[in-house]
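Thanks, everyone, for making the time this morning. I would like to walk you through one structure, and I will take the contact between the chains before anything else.

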Amino acid sequence: MGVAVLAVERVRFAWPGIPAYDFTLRVARGEIVTLSGASGSGKSTLIDLICGFLRPLSGEIAWDGVSILGLPPAQRPVSALFQTGELFEHLDVGTNIVLGLDPRGRPGPAERGRVTAMLAEIGLAGFERRLPAQLSGGQRRRVALARTLIRERPVMLLDEPFGALDTGTRDEVAALVRRLTAERRLASLIVSHDPADTERLGGRSAVLREGRIEERPAG
Amino acid sequence: MIAARLLPGLIAAAVAAGLAGAAIWAIAAAAGTVDMAAALRDPYLRGVTRFTFGQAALSTLFSALLGLAAARAVHRRAGARGARVLNLLASLALVMPTTVAATGIVTVWGRAGWVADAAAALGLPGPGGALYGLPGVLLAHVFFNAPLMARIFHAALAAVPDGRWRIAAHLGLAEREVWRFVEWPAIRRVAPGACGLVFLLCFTSFALVLMLGGGPGASTLEVAIYEAARLDFDLDRAVSLSLLQIGICAAVLLALARFPAEWAAGAGATGLGGRIRPDRAGTGARLADAATAVLAAAIVAAPLVAILAGGLTLDLLRLPFDPAFRQALGTSVVIALASAAITCMLAWAIAEMRRTLVLPTRLPRLAWLAGPLDLASAVYLAVPAIVLGLGAFLALRGIAEAAALAPVLVLAANVLLSLPFAVRALQGRLAESAARHDRLCASLGITGLARIRLVEFPTARRELGFAMALSAALSVGDLGVVALFGSEGFRTLPWLLYERSGRYQSEAAAAIALALLLLSLGFFAGIERIAAGRHGGRRAGR
């Protein structure tokens, strides 16, 4: 394992009426960790805690040794792909992606160029003006992934990124995630139900069971 | 941060509640000189209260029954031409000025109306003057409120998830079971709120009762306040009537606060339900739907046709040359546009604050504030136009001439009148947008004006257009405060129509009624279309 840069240390959180979660996990730069677990095991809760949508009861979440708990979601060194509601349905593909670079939605030529390049990279060249409703499930997911990647934050969180993709597209997107993680030295945490995704992505795998994370050796 | 989120809504709610509160304060202060105990024993006041209650209850009952039948018929006949016509009628009635509707109802059901002509031709006794009094008030209230109920009930049926209709069709449920297991659970959620709203609208009814009521025996509290203040100048009586009205309406409004403000949510519904429901082909359903269509045509469509037919005379061509008409038209247009703009700003701020309070991801600790906020936006139902006008008159007595402030008072009353409808139109969409986009916006740092421009406005522009169009249409047709303060120097189109009707200039009144109807429809259709934009407020969805 390399130097741990995203550190989730003894983070406790509880939803009303169910036992508290107690998360500990480290993800290094350039590393992919795939997290699996049964429904309700707390996978999305962990993502929300790292993103800053939930506040832990205790524990620490740090990046490069510095706590990020006091930062609002947009200022955390994290770029996330959520399981649902991943696109603004009324905005076209280009605007959806450019918001990752400029949250005011007023991009210059440089930003537009980067969007065009990113679309080409994910196999959707020329789709800038399309609305999300005009895309297939796989294409929507890739657009959301493009926005996640274009933010260039050192930590990438992907919640069920392959859910709506066919096998061929899964392989392609997994290869893209693998390549970008290595090239940009990202700390990538990927939540997935499918054990085959661990094989696709390589790296370590971990399982959430009874509110705790159990690490597995690299497969 | 929290204060910044809530401040616009707090200011908007304070403006609405402050206007009403000032009126109540002025009336309560004036009540110091009134012997309320003696007033409450007054047989006239008791009679008026009894009639107000009775007509409101009966109007609510009949409106609910016809509205429910119409909603079921439209849902059951989804896609059919008749269903589209019923929908159109509901929209027309929603924006129809009350004075215009009263003119149409008289044309159909009056002493010399269509029904009387038809009865005479058949050798049957005509309705005579029976329209004036309870029958006329009920007809008019059902004309307006059955379509409103139909819209609410239809939205509830349309929001039933497709899966439930699939199961009903799969199991071959009979009409009675469809009602029991699928429709009633959806209707039950919205019925108390809808009935309470209609009861209050009928309880505080003014223009319709003024034109169709027929004297002291059939008068609502609102009309009685107007008569006491403007005609008899008996301020003590006006104050005691106002206090009684405010007390009753506030009690009903507080009871209503227990019921959900959002009338329908459509998760899992695509509109398929009406096309696959198993009772579409049943004989009973067909007969019921046909009977509903006939009844709706008699009560809602006939007065509309009468206004069109009655107004298309030479008097319509003379209107543009009538200085009084031109003056009234200009005043009405300016007030309607200003009212629509102010209403929508206040409604947006209140809806934004409300979603901040009720969404579990935002400020759950302050969720209790949502109830008072709803009351503030619906304050007009407790303090309607005439009470507001009386309060302003009493507050300004000795300081300024209330008549000089008539345009401001009319504007304020129109804003309060439209506010509950505008808030309801906006709050569902804004809450849905927040539930959908909050996390994404927070993670990307989309905040403030950028969020309004990029996210809220595009997703809610159709609702904003509807709210603005409805506000303008309601304002342009309102005969409320202007009835108290209208004069030759300040008149609106509804006031002019009422004035001409009162002078028995029936042809001129019919022409003004048609012009007013066209203006309301023009506002409604035009503003909604402009606000919805080139793509009709495109909303993509899968």
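When I say that two residues are in contact, I mean that their C-beta atoms, placed from the backbone, lie within 7 Å. Please keep in mind throughout that this is a predicted model.

On that basis, the contact takes 19 residues from chain A and 19 residues from chain B. If we look at the side of chain B that touches chain A, helix 19 (406-444) and helix 20 (448-476) of chain B each supply at least two residues, and the largest share, seven residues, comes from helix 19 of chain B. Sorted by class, that side of chain B has nine nonpolar, five polar and five charged residues.

Let me stay with helix 20 of chain B, which has 29 residues, although its end C-alpha atoms are only 34 Å apart, short of the 42 Å that a straight helix would reach at 1.5 Å a residue. Where does helix 20 of chain B bend? The bend is at Arg461(B), and it amounts to about 60°. Of the 29 residues in this helix, 22 are buried, so helix 20 of chain B is largely enclosed by the rest of the structure.

Methods: Residues numbered from 1 in each chain as written. Chains lettered and ligands numbered in written order. Predicted model: local features only at pLDDT ≥ 70, side-chain atom pairs only at ≥ 80, totals over all residues. Helix = DSSP H or I, 4+ residues; strand = E, 2+ residues; numbered from the N terminus. Nonpolar A, V, L, I, M, F, W, Y, C, P; charged D, E, K, R; others polar. Expected span 1.5 Å × (residues − 1). Bend = angle between axes of the 7 residues up to and from the residue. Buried ≥ 20, exposed ≤ 12 C-beta atoms within 10 Å, placed from the backbone.
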